[in-house]
Amino acid sequence: MTPFDIAAHLLPFTRYRYDGETVPCPVCGFASHTPVAGLDRRLKRLSTVMCDRCGLLRTNPMPSEEALDRYYERYYRLDYQGAVSAPRARHLRKRAAEASERRAWLRPRIPAGGRTLDFGAGSGEFVSAMLEAGFDAQGFEPGAAYASHARQTLGRRMVEAGWRDVKHQAEFDLVTCMSVLEHLGTPVEALQAMVSWLKPGGKVFVMVPDMQHHAQKGFGALHFAHVVGFNHHNLQYAAGRVGLRMIDMVNPTRLLFGRGPAPDMAELAQLGLATARASYIDQNPVRAYFAYQLGRARRPLKRSA
Ligand SMILES: [Zn+2]
């Protein structure tokens with residue numbers, strides 16, 4: 001990666017250079033879509049569209065898996081944490097606090113001492129937190145810097161691999177997938193893998209950004225790493241496609257699923273579409289962006305007044 005590559009990557013109002021193709025909705029399979037925005041939160045040119053059936057937001061063209069791998073290798077930490085190699089101490093402290101909060105919510109909902117798998121485990125804080133509480137916990141993470149950091153404390157309980165490369169039996173009481181699904185161009189296939197790794201009665205906990213809530217930021221809610229954008233309804237639709245039904249929720253897009261009778265898929269698609277339309281079509285993402293930025297700029301003044 002040359003200084004020229006970094007400069008080109010950071011330069012606003014230019015396109016992200018990546019290989020990709022126009023694909024049907026990766027959640028419901030419908031091809032028809034409506035343009036949402038042509039910029040992302042870094043003011044780079046990025047085309048985002050909304051599925052006309054379930055309301056899922058997606059990057060169009062969808063980056064290929066190789067293009068995404070390349071992006072994570074080169075730019076991801078630079079873009080989102082200002083770091084290029086190892087995770088920073090402040091970041092790690094924040095992650096540890098989040099992990100114990102998530103454990104506290106999940107603990108009464110799964111068997112004590114049960115077997116758990118963290119899908120996209122990052123720097124490993126959630127796996128550590130579950131081990132401390134007596135669970136038989138493990139995780140995997142494709143990012144080399146984070147996985148090797150986690151392996152220092154977790155050893156073989158942390159595997160450096162992507163989800164297509166890990167092999168498991170139906171052995172887990174809980175699979176967690178936190179802040180991961182929005183990065184994947186094939187979220188239903190990933191959910192299918194999670195389901196195949198569950199014991200009978202096992203559960204899946206999924207956490208993604210709530211694009212309905214983030215709509216207040218307009219196109220500031222969009223960025224290259226998040227190739228799909230969910231709301232409460234189309235997240236349940238995606239899970240419903242692999243036989244999962246919501247059994248509990250922390251908030252609209254932090255949901256606990258178990259195998260169960262299929263939800264009403266047509267209704268979930270309708271609600272997903274109506275929600276996305278109200279958030280990103282009826283409300284103009286450019287106007288919303290500037291209103292939000294203006295509000296942010298005013299807030300400190302109000303406080304000091
Ligand atoms: Zn769709």
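The legends below describe close-up views of a predicted model. Local features need pLDDT of at least 70 and side-chain atom pairs count only at pLDDT 80 or more, while totals for chains, interfaces and linings use all residues. Residues are numbered from 1 along each chain as its sequence is written.

**View 1. Helix α4 (residues 89-106).** Helices (H or I, at least four residues) and strands (E, at least two) are DSSP runs, numbered from the N terminus. The buried residues of α4 are A99, R102, R103 and L106 (buried: 20 or more other C-beta atoms within 10 Å of the residue's own; exposed: 12 or fewer; partly exposed: in between; C-beta atoms are placed from the backbone). They cover an arc of only 100° around the axis, which puts them on the same side of α4; the arc is that of the directions from the helix axis to the C-beta atoms. Exposed residues on the other side of α4 include R90, K94 and E101.

**View 2. The hairpin of β2 and β3.** Strands β2 (residues 33-39) and β3 (residues 45-51) run antiparallel and are joined by 5 bridges; strands pair if DSSP finds at least two bridges between them. T34 stands opposite M50 in β3. With 5 residues between the strands, L43 takes a positive phi near 65°.

**View 3. An open sheet of 7 strands.** The order is β8-β7-β6-β9-β10-β13-β12, with mixed pairing. β8 (158-160) and β12 (244-251) stand at the edges, each with a single partner strand, so one side of each lacks a neighbour in the sheet.

**View 4. Pairing of β12 with β13 (residues 254-259).** The two strands pair in the antiparallel sense over 6 bridges. M246 stands opposite F257 in β13.

Notes. Expected span 1.5 Å × (residues − 1).
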